[in-house]
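Please keep the sequence and the model at hand while reading.

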Amino acid sequence: MNIKDITEFLSNYDGEELSFMEVCGTHTAAISESGIPSVLSKKIHLISGPGCPVCVTVADYIDKLCELALTQNTCVVTFGDLIRVPGSTSALQETKSNGGRIQMVYSPFEVIELAKQDSNTQFVFAAVGFETTTPIYAVMMEKIIENNIKNIRLLTALKTMPAAIDSLCRMGGKIDGFIAPGHVSVITGADAFKPLAEKYSLPFVVSGFKAQELLATIYALVKLKGQGKVVNLYKSAVTDSGNENARSLVSKYFEPCDAVWRGIGKIENSGMALKAEYSMYDAGSRALVHDNVRNKMCRCGEVITGFVSPCQCPLFAKACTPENPQGACMVSNEGSCFHYYINNRGC
């Protein structure tokens, strides 16, 4: 079936109302930027799920970074999207204005050079991500140990996607299928979603990121309604078994742990933390479990779980904008609220 026929089918669909969730921040961006929701029938709904690693990170994590940045002889090293995320009382950019030491980088390996150049400072790298980025932090650990660097610590908020999807399904929201995350699936393999598909009799379709690929994925989900199957439509990058070498390297340094997700709470074995033998490189990651949001009206947690759309948050496009974010979902370029705002998606 060609893309013209697929688009026509999806535009004219008049069957049972269906809701499909994307659980990848890059998919959220691609769907929003391409205008896909505008060509779908009003009976097909796309929901943004917990696919943005910054968005699912709890306020406790930001608070700890702010505390460390104000600690003597300590420098927090982070990517730019974390700097404006509100903690319970402050964001990193405010902490920096108050004298906190914070260094933005474009690659995690830059912290190694920083540490070599300044042995009197302890550098704390903010390691946030899903299965896609955890292998990078494993390589980083390998290099830190090879170079015998003693003044780097990781504050981790590393999470795994299947456990979160399982939790979402148990929460009882209206989800008829999942656009399975393309980047995560490169590491996990498409088969990682088979147990969930069979357990909940829901289709999972692994998708690429082009508009045509996403439309084909949505078409496949409509046709697979009620079937507990996994279909891989991103075979150019994703195999059934994934990247076993990357997973092996991760298991050398990290182990599964319980993790707290914004909007969901604690999910058993949904995180990855440094193993006990590498605890000297950890900056206190396992203790970060609270999510005391700064603005109590912020509904990021419900947005992430698909129970409300960004437009239903009372702060959206009013008190909360990309220039003045009240929650993580409006900060990150993978966040649902950010893309609903800049692309006028669904409001």
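Contact means heavy atoms within 4.5 Å of each other. The structure is a predicted model, in which local features need pLDDT of at least 70 and side-chain atom pairs count only at pLDDT 80 or more, while totals for chains, interfaces and linings use all residues. Residues are numbered from 1 along each chain as its sequence is written, and side-chain values use heavy atoms, with hydrogens and water left out. Helices (H or I, at least four residues) and strands (E, at least two) are DSSP runs, numbered from the N terminus.

**Two individual residues**

- S185 belongs to helix α9, which covers residues 182-188.
- With a relative accessible area of 0%, S185 is buried; buried means under 20% relative accessible area, exposed over 50%, and partly exposed in between (1.4 Å probe, protein chains only).
- Beyond its neighbours within four places in sequence, S185 is in contact with A190, F193, V206, V238 and G242.
- The side chain of S185 also reaches the backbone oxygen of P181, at 2.6 Å.
- K252 is found in helix α12, residues 244-253, and counts as partly exposed at 41% relative accessibility.
- Apart from neighbours within four places in sequence, the contacts of K252 are E142, K275 and Y278.
- The side chains of K252 and E142 are joined by a polar contact of 2.8 Å. A polar contact is a pair of N or O atoms within 3.5 Å; within protein, one must be able to donate a hydrogen and the other to accept it, and residues adjacent in sequence count only if both atoms are side-chain atoms.
- From C-alpha to C-alpha, K252 and N120 are 29 Å apart in space, and they are 132 residues apart in sequence.

- Helix α4, residues 59-69, is mostly covered, with 9 of its 11 residues buried.
- Among the buried residues of α4 are Y61, I62, L65 and L68, as well as D60 and K64.
- The buried residues of α4 pack against β3 (74-78), α5 (92-97), β4 (102-104), β5 (122-129) and β6 (152-159).
- In strand β3, 5 of 5 residues are buried.
- In a regular strand the side chains alternate between the two faces of the sheet.
- T74, V76 and T78 point one way from β3, whereas C75 and V77 point the other way, and all are buried.
- β3 pairs with β5 in the parallel sense over 4 bridges, and C75 has F123 as its bridge partner in β5. Two strands pair if DSSP finds at least two bridges between them.
- β3 also pairs with β4 in the parallel sense, over 3 bridges, and there V77 stands opposite Q103.

**Cavities**

- On a 1 Å grid over the protein atoms alone, a cavity is a set of points where a 1.4 Å probe fits but cannot get out, and a pocket is an open set with protein on both sides within 12 Å along at least five of seven lines; lining residues have an atom within 4 Å of a point.
- Grid points are joined across faces, edges and corners, and a volume is the space filled by probe spheres set on the points.
- The whole structure holds 2 cavities of 30 Å³ or more.
- Ala, Val, Leu, Ile, Met, Phe, Trp, Tyr, Cys and Pro count as nonpolar, Asp, Glu, Lys and Arg as charged, and the others, Gly among them, as polar.
- By class, 4 nonpolar, 3 polar and 2 charged residues line the second largest cavity.

**Pockets**

- The largest pocket has about 540 Å³ of space. Of its 26 lining residues, P37, L46, Y340, R345 and G346 lie nearest its centre.
- β2 gives the most to the lining of the largest pocket, with 5 residues.
- The lining of the largest pocket has 9 nonpolar, 14 polar and 3 charged residues.
- The second largest pocket has a volume of about 420 Å³. Of the 26 residues that line it, P53, V128, G129, T133 and E334 are the closest to its centre.
- β5 gives the most to the lining of the second largest pocket, with 3 residues.
- The lining of the second largest pocket has 14 nonpolar, 10 polar and 2 charged residues.
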